[in-house]
Amino acid sequence: MAESPTILVIGPRWVGDMVMAQCLFSALRELHPNAAIDVLAPAWAAPLVKRMPEIRQQIDFPLKPGALEFTIRRRFGRLLRGRYDMAYVLPGSWKSALIPFFARIPRRFGNLREMRYGLLTDIVPLPDSIKRRTAQAYFGLAQGGSFRAPRLTVDTNNQTALLDRFGLTPRKFVALMPGAEFGPAKRWPSESYAGLARGFMAKGFKVALFGSKNDRDVTAEIAALAPGVVDLAGQTRLEDAIDLISAARLAVSNDSGLMHVAAAVGTPIVAVYGSTSPKNTPPLAERRELVWLGLSCSPCHQKVCPLGHLNCLKTLEVRQVAAAAERLLELPAAA
């Protein structure tokens, strides 16, 4: 093995998974201090990857999610021939291992998943105990090094400009992330978030809502029920969200990508779980509260409640989440 290997990582396609992938990146950096590590990922991931000091560059993934497009993968892989000594394939699909195979990268690491014999040279065992524990599963691919929680860098100049633009003061506002790209079975109801927001504002905090343009309907509902919140959904780039959330006193989030972003910038986080389990994908933060009812029907890991009632989230009361927030804010619990 070269003293300064070049490494290609086939990255995941979700924000939260990309944040958790830093557990692998930091382990690879420890094992290969002089390595050049590149990440093949969708274009949206570039601002996130730039906040990871272990990575040299992000290479835009040329395909849409779910597309096989075998010919394109073969052509793209051939363009990468001779550039890398090692590859790590994070997604579990068969097609995700094609590009490193066609690039003829000598060592190709990954879990077996979809019977990837031949496509991978080094099949790393994946114990049942960590199959759904994404951060640990990614870290395990390194087969060495130390497990470190993700830590994203913050652009303080951009942060200052954004705080001024939106009228926010560091540590004087709470960030709420009510969306979930995965599906509605991860979303605590809008009226519950609105009740929580009203409680924060009554204590003197400003409340900012974060999310993508796809979350605008949800944040608009919350804004209508909690007048005075600052609705930023769709108004910020991913890198802006990173910088603003890092300035919040506290964040409250569903099990989502921005939950992992908040943890990675050191913001105390209350994580609300429904169809998924905090045992699998908790925010890797020093100060956190995990709120989950743990009903007999959860975790189901479904995008939409298969029973049609969503009791795992609808019966989770505002007071329960507020109590968790108060513990992190170091405020006395309400009577």
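Modeller: Helices α8 and α13 cross in the right-handed sense (the near helix is turned clockwise from the far one by less than a right angle). This is a predicted model, where local features need pLDDT of at least 70, side-chain atom pairs count only at pLDDT 80 or more, and totals for chains, interfaces and linings use all residues. Residues are numbered from 1 along each chain as its sequence is written, and side-chain values use heavy atoms, without hydrogens or water.

α8 spans residues 190–202 and α13 spans 318–329. Both are DSSP runs (H or I, at least four residues; strands are E, at least two). Their axes, lines fitted to C-alpha atoms over the stretch in contact, lie 10 Å apart at an angle of about 40°.

On α8, the contact (heavy atoms within 4.5 Å) uses S192, G195, L196 and F200. On α13, V318, V321, A322, A325 and L329 take part. By type, 7 of the contact residues are nonpolar, 2 are polar and none is charged (Gly counts as polar; Asp, Glu, Lys and Arg as charged).

Now the strands. An open sheet of 6 strands runs in the order β3-β2-β1-β4-β5-β6, with parallel pairing (at least two DSSP bridges per pair). β3 (57–60) and β6 are the edges, each pairing on one side only.

β4 (residues 86–89) pairs with β5 (residues 107–110) over 3 bridges. There, M86 stands opposite R107, and Y88 has F109 as its bridge partner. β5 also pairs with β6 (residues 122–123), over 2 bridges. In that pairing, F109 is partnered by D122.

Methods: Axes fitted to C-alpha atoms, helices over the stretch in contact; angles between N-to-C directions.
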